[in-house]
Amino acid sequence: MQRLQRFIPHLLLASLGLVYLGYRFYVGHQPYEWSGTVEARVISVGSRAGGRVKEVRVREGDRVTEGQVLVVLEPGDLEAQRLQAEGQLLQAEANLEKLVKGARPEEIQQAQARAITAQAALQESRAGARHEQIAGADARLRAAQATAEKARTDADRIRKLATSGAATQADLDGVETRLRESTAQRDAAEQTLLELRNGVRQEELRQAQARALEAEANARLVKAGSREEDIKAARGAVEAARGRLQAVETLIDELKIKAPRPSRVEALDLRPGDLLAPSATAATLLEEDQLFVRIYVPETLIGHVKMGQEVPISVDSFPNRQFKGVIEHINAIGEYSPRNLQTADERADQVFATRVGLREGGDVLKAGMAAFIRVPK
C-alpha cells in the first residue's frame with residue numbers, strides 16, 4: 001500500500017504532462033482567427049447639374065436596378081440653352097458647307113460681269129469723248145448762244161418800250177427772266193463742250209483703274225473659292241458648337257439621377273422642391289452583392305494569408321453556417337491596428353489591413369454584422 005502511495009504523485013505528474021501535451025497539440029492545430037465587420041461597397045450618387053427636385057421615385061430600403069431613375073430635377077432654362085446650341089450648330093454647319101462648296105456659277109458670272117463693266121469704263125475714260133459727242137456738244141452750244149442772243153435783243157427792245165410806256169412791267173420782267181435762263185443754258189453748254197475737249201481728269205482715270213482692278217480681283221477671288229484656313233476655322237466653329245450642344249445635353253441627362261448598378265437605397269433624404277447643389281450627394285446606395293470583411297493580420301502572421309486564398313467566414317447570426325470567402329487584397333504598407341480591435345499591448349504591433357470578399361451569403365448577410373475569419377496554421 002505504501003509502495004502504491006509512492007507512485008501516486010508520479011502518476012499525477014504523468015497525467016498532468018499528458019494533459020499539457022494534449023492541450024499544446026490542440027492549440028497548435030487550431031486555426032488563426034481574426035475578427036472584422038461585414039461591409040458593403042457604397043455608391044454616392046448625385047448630379048453635376050444640380051437644381052430643384054421635381055420627383056423622388058424611390059425610398060430608403062428599396063432595391064433598384066442598373067439605370068433606374070432615383071430622383072428627377074427641374075430643367076430650368078436648360079431646354080432653352082439646348083435650342084440655342086442647336087441653332088448655333090446648324091448655322092456653323094451651313095457656313096462650313098458654303099465655304100467647302102465655294103461660289104455658285106451665278107455668283108462667278110456676276111463677278112466676271114462686274115469686272116468686264118469696270119474694264120470697259122476704264123477704257124472709255126482713257127479714250128475720252130468721241131468726235132460725234134464733241135460735235136453734238138458744239139451744236140448745242142451754238143443753239144444756246146443763238147437763243148441767248150435773241151433773248152438779249154428782245155430784252156433791249158422791251159426796255160425801250162417800257163421807257164416810253166408802251167410795254168408793261170410784266171412784259172419787262174418776262175424778257176429779263178428769259179434772258180437769264182438762256183444765258184445760263186449757254187454757259188452750261190460751253191462748259192460741257194470744254195469738258196469733252198479736255199477729256200477725263202487724271203484723278204478720275206486713276207479711280208477708274210482702281211475700280212477695274214478691284215472688280216478683277218474680286219472675280220478671281222470668287223472663282224478660286226474659300227481658303228483652306230477659312231475652311232479650317234469654319235470646321236473649328238462647327239466642333240465648338242457641337243461641343244456646346246453636347247455639354248448642354250449632358251447637363252439635361254444629369255437631371256435624372258440614376259443607379260449605376262443593382263443596389264439598395266441606404267440613404268435618401270430629398271423631397272420635391274428641395275434644392276440640390278451641383279455634384280452634391282443625392283442618395284447613398286449599397287451594393288449588397290459586393291460584401292466583404294476587413295481584417296487586420298499581425299506582421300508576424302502575414303505569411304499565412306495569400307491573395308486568392310479561400311477562407312471560411314462565420315457570423316454570430318448564423319453560428320452553424322460557414323460562408324466562403326476569398327482574400328482579395330492585402331495592403332502593401334503596414335499600420336498600427338485600430339484601438340477598438342485589440343488590447344493596448346497588441347496595438348503596439350504592426351498589422352496589415354486585408355480585405356476578404358464574400359462569395360456567398362449575400363441573401364442573408366448584412367453590412368455591419370460581426371464576422372470571424374479562420375486560417376489554418
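1. **Basis.** This is a predicted model: local features need pLDDT of at least 70, side-chain atom pairs count only at pLDDT 80 or more, and totals for chains, interfaces and linings use all residues. Residues are numbered from 1 along each chain as its sequence is written, and side-chain values use heavy atoms, with hydrogens and water left out.

2. **Overall build.** The protein has eight helices and 13 strands. These are DSSP runs, numbered from the N terminus (helices: H or I, at least four residues; strands: E, at least two). Of its 377 residues, 28% count as buried. Take the contacts with a separation of 6 or more: residues 24 or more positions apart account for 78% of them. Contact means heavy atoms within 4.5 Å.

3. **A salt bridge across the chain.** The structure holds 20 salt bridges. Each is a side-chain nitrogen of Lys or Arg within 4 Å of a carboxyl oxygen of Asp or Glu. Arginine 374 forms one with glutamate 33, and their closest N and O atoms are 2.8 Å apart. This pair links distant parts of the chain: arginine 374 is in strand S13 (residues 370-375), glutamate 33 is in strand S1 (residues 32-46), and 341 residues separate them. Glutamate 33 is partly exposed too, at 42% relative accessibility.

4. Arginine 57 pairs with glutamate 55, with 3.2 Å between the closest N and O atoms. Arginine 57 is partly exposed at 44%. Glutamate 55 is partly exposed at 30%.

5. **A salt bridge within a helix.** Aspartate 156 and arginine 159 meet in a salt bridge (2.6 Å, N to O). They are separated by about one helical turn, because they sit three residues apart in helix H4 (residues 131-164). Aspartate 156 is partly exposed at 29% relative accessibility. Arginine 159 is partly exposed at 33%. Through shared partners, salt bridges join Glu149, Arg152, Asp156, Arg159 and Glu176 into one network.

6. **The largest nonpolar core.** A nonpolar core is a set of buried Ala, Val, Leu, Ile, Met, Phe, Trp, Tyr and Cys residues joined through side-chain atoms within 4.5 Å. The largest has 24 residues, and Val38, Val293 and Leu358 have the most contacts inside it. Elements giving two or more residues to this core include S1, strand S8 (281-298), strand S12 (350-358) and S13. S8 provides the largest share, five residues.

7. **Leucine 358 and a second core.** Which residues does leucine 358 touch, not counting those up to four places away in sequence? They are Val38, Leu291, Phe292, Val293, Ile313, Phe323, Lys324 and Leu365. A second, separate core has 22 residues, among them Val64, Val71, Ala259 and Ala282.

Key:
Buried < 20%, exposed > 50% of the residue type's maximum accessible area, 1.4 Å probe, protein only.
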